[in-house]
Amino acid sequence: MIDPWSSAIIDYEKLTKQFGIKPFGNLKEEINNPHHLMQRNIIFGQRDYGRILKSMREGSDFAVVSGMMPSGKMHIGHKMIVDQLIWYQKKGADIYIPIADMEAYSARGIDFEASRELAIYEYITNYIALGLDLEKENVNVYLQSENRNLGDLAYILSKKVNFNEMRAIYGFSGSTNIAHMYAPLIQVADILLPQTEECGGPKPTVVPVGPDQDPHIRLTRDIAERFKGKFNFMSPSSTYHRFMTGLTGDKMSSSKPKSAIFLSDSPKEVEKKVKSAKSGGRESLEEQRKLGGVPEDCTVFELLVYHLEPSEKKLEELRESCKNGSIMCGECKKNAASMMKNFFEEFSHKREEAKEKAQKILDREPK
Ligand code: SF4
């Protein structure tokens, strides 16, 4: 069982086998200009992605749904999701961004007003500053608690789900509060909302997630089938990406400040964090020259792969230089830290500019 509120999943292969997630693998060859996260196998799995490929190829309607739970500061691992949304926006997708304030309330005890503030000044601000155009007509950003269509849909869908099923999927017990039990149904409705009549009817929909969110995807796909007669839903598609390792070598988490680079960090802070991140280097310089480093076990290399180095060629050259011991961690970290600092110098300006726009996004009527 995967618990979407607390899982740290590392064995991706076992997971794909156990839950029937298909490899993303060769699909990237069918995509015109695939995202670098696809190119670099960070997006490793999918369900029913073929129908998304078809929509992109034919230029027909499709949607992407990616929720945000406003529960803390955004870190660089979260940037991956926004990068994917930007890519899908360029491919013509309708973008749906539910803000999970109901889930934040039921699972984390965060009140609605705090969620709204956090959503605007942290999440929406960062999304805009990273380059996602939230003002476009086909972008729908909403608070779960304020979207009436969503609430109605969740209620209708919950008629065909019972407690035993929720317990089997999420491990709920007799002491789980009802709001927490109901929260996944709201998420199911988030994913199916783009296919309702108000949002233009049935269409392929993709949800890019980390594998810890797969229970929601499986439940949604099952429920979509159960309501096929009423809504003619298409089963939603999904993609799965690997999590970023924290700078300390374990999971990157907002609750462990040393493990993460936060999008609100200053350029100086990020430079320092990269320089002191855990690397795949050896005990001594002599040993490293002789044996080479281990880029697969290096959080600095990971930062380059996920975010900093756009060139495949340069990445490969660095991997080689690392493995054959011709570059040392000191020099390598200095380069990566300077790239990160440059990114944040520009990004912190963009964040300031984005705040004003961010305040208006939730004023629009949700669909
Ligand atoms: Fe990591 Fe660079 Fe050191 Fe290799 S040389 S282990 S990539 S920091």
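Predicted model: local features only at pLDDT ≥ 70, side-chain atom pairs only at ≥ 80, totals over all residues.
A cavity here is a set of grid points, taken over the protein atoms alone, where a 1.4 Å probe fits but cannot get out.

Start with the two domains. Colour residues 12-243 as domain 1 and residues 257-351 as domain 2. The C-alpha centres of these two domains are 31 Å apart.

Next, select the residues where the domains meet. On the domain 1 side 20 residues are in contact with 22 residues of domain 2. Between them the domains bury about 1700 Å², and carbon and sulfur atoms account for 59% of that area. Show Arg-40, Ile-76 and Ala-129 in domain 1: these lose the most area to domain 2, and together make up 39% of what the domain 1 side buries.

Now move to the ligand. The space it takes is the largest cavity. To see what surrounds the ligand, select Ser-279, Gly-280, Gly-281, Gln-288, Cys-298, Phe-301, Cys-322, Cys-329 and Cys-332. Colour this shell by class: 5 residues are nonpolar, 4 are polar and none is charged.

Key. Residues numbered from 1 in each chain as written. Heavy atoms only, no water. Near = heavy atom within 4 Å. 1 Å grid on protein atoms, 1.4 Å probe; cavity = no way out; pocket = protein on both sides within 12 Å on 5 of 7 lines; lining within 4 Å. Sits in = over half its atoms within 2 Å of the grid points. Nonpolar A, V, L, I, M, F, W, Y, C, P; charged D, E, K, R; others polar. Domains from an automatic or database assignment. Contact = heavy atoms within 4.5 Å. Buried area = accessible area lost by both parts, 1.4 Å probe.
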